[in-house]
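Thanks for coming. Please look at the screen, and I will go through a few places in the backbone and the strands.

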Amino acid sequence: MSIEQSVSERYAEGAEQRQEALCCPVDYDASLLKLLPQEIIDKDYGCGDPSRYVQAGDVVLDLGSGGGKICYMAAQLVGEQGKVIGVDMTDEMLALARKYQDDMASKIGGQRVDFKKGYIQDLALDVAALNQYLHANPVNDASGLQSLEVYKQQQCQQQPLIADNSVSLVISNCVLNLVDKQHRQQMIAGIYRVLAPGGRVAISDIVSDEYVPTVLQDDPQLWSGCISGAFQEQEFLQAFLDAGFVAVAYDKWDAQPWQVVAGIEFRSVTLVAVKPSKEQRYDAGQAVLYKGPYQEVYDDLGNRYPRGERIAVSKRTFDFIALGPHADDFVAITPAQEQNLGCFTQPAATKRPATQTKGGCQSTTTASGCC
């Protein structure tokens with residue numbers, strides 16, 4: 001039996017009857033749970049609360065959405081202009097989530113949630129459409145198999161399950177560790193593809209302090225129980241860096257392990273990251289000043305920021321720092337007059353003299369207004 005089949009079967013059981021071994025204690029926002037049906041709350045399995053990262057107007061994609069708990073919590077936060085998409089591969093979980101869709105829509109004031117059948121390691125493949133194709137075109141020979149592959153390729157390219165650059169926030173709750181290791185690079189590349197530039201990631205999952213040995217990886221119960229497939233703690237961060245994300249960090253880290261198996265500690269974390277913008281790197285005469293407390297810091301784009309120095313940065317980097325997750329650590333400085341000094345070619349950590357930005361705006365909160 002494949003990992004995918006083992007996981008699906010265990011979570012199908014979890015849709016019928018609560019499985020205590022599939023979750024660890026999480027302090028969810030009680031105000032967001034009030035509207036949810038008790039059945040969805042009881043049959044939810046997770047290790048964190050990525051809904052805390054949802055903002056008004058977000059288009060949220062929940063990977064491995066299960067019975068829909070996090071989706072329905074997020075739907076209350078995105079507001080009328082937002083949207084939530086849940087993707088799951090297990091029919092029983094999808095049925096549970098959809099069972100209360102109309103009821104939840106009436107409670108929150110509109111249909112903001114859409115549940116799709118799919119594999120989180122392939123966000124282009126529309127499994128519902130694939131099943132319809134197979135029903136009309138059974139595969140009985142090599143020719144049929146070849147036609148199926150052609151159909152899948154065309155569907156993924158022309159009508160992907162989740163479109164390119166269409167999502168502002170990708171969340172997940174204890175699901176990425178369930179994916180076979182050979183598919184994880186494709187999975188994270190798919191997350192990068194569907195996020196719009198500037199889009200964010202908030203992934204709650206289980207990590208291990210040591211690499212999990214083969215003997216544990218071969219245990220299907222431990223795998224579907226979020227143990228054997230756990231990312232090693234540094235490996236998890238590096239996987240997102242390798243995919244092109246920046247500002248990759250652990251925003252939540254449980255001090256106490258959830259479980260200890262064979263001397264290996266398994267704990268809940270929440271990883272956050274950002275898909276960088278691809279805007280032109282021109283020089284608008286701006287600077288950023290790192291406030292400390294460290295002597296200097298580097299970002300994931302290769303820039304260096306000595307403490308207390310006004311450092312010249314491109315408009316793209318300036319906007320990312322001033323409006324992104326590092327905003328509280330920097331002073332964002334703009335010149336008195338808007339400028340375009342051409343393509344940004346300054347070496348890393350080039351100082352920008354105070355005379356070049358004197359009389360301008362210095363803000364610790366936004367790129368567009370003074371404090």
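Which residue does Ser204 stand opposite in E9? That residue is Thr270. Before going further, please note that this is a predicted model.

Let me stay with strand E9, residues 264-274. Of its 11 residues, 10 are buried, so the strand is mostly covered, by the cut-off of under 20% relative accessible area. Now its neighbours. Strand E5, residues 195-208, runs antiparallel to E9, and nine bridges join the two. Ser204 and Thr270, the pair I opened with, stand opposite each other.

E7 also pairs with E9 in the antiparallel sense, here over five bridges. Val246 has Val274 in E9 as its bridge partner.

Then there is strand E8, residues 259-261, which pairs with E9 over three bridges, again in the antiparallel sense. Val261 stands opposite Ile264 in E9. E8 and E9 form a hairpin, with two residues between them. In that turn, Ala262 has a positive phi of about 55°.

That brings me to the backbone angles. Most residues other than glycine have a negative phi, and most peptide bonds are trans.

Go back to strand E7, residues 246-253, and find Ala247 in it. Ala247 is not a glycine, yet its phi is positive, at about 55°. Is Ala247 buried or exposed? Ala247 is buried, with a relative accessible area of 12%.

Cys174 is not a glycine either, and its phi is near 65°, a positive value. Cys174 is buried too, with a relative accessible area of 4%.

The bond from Gly292 to Pro293 is cis, with omega near 20°. Where is Pro293? Look in the loop between strand E10 (287-290) and strand E11 (296-298).

Last, a helix. In helix H5, residues 91-99, which residues are buried? They are Met93, Leu94, Leu96 and Ala97. These four cover an arc of only 160° around the axis, so they lie on the same side of H5.

E9 is joined to E5 by nine bridges, to E7 by five and to E8 by three. That is my part.

How values were computed:
Residues are numbered from 1 along each chain as its sequence is written. This is a predicted model: local features need pLDDT of at least 70, side-chain atom pairs count only at pLDDT 80 or more; totals for chains, interfaces and linings use all residues. Side-chain values use heavy atoms; hydrogens and water are left out. Buried means under 20% relative accessible area, exposed over 50%, partly exposed in between (1.4 Å probe, protein chains only). The arc is that of the directions from the helix axis to the C-beta atoms. Two strands pair if DSSP finds at least two bridges between them.
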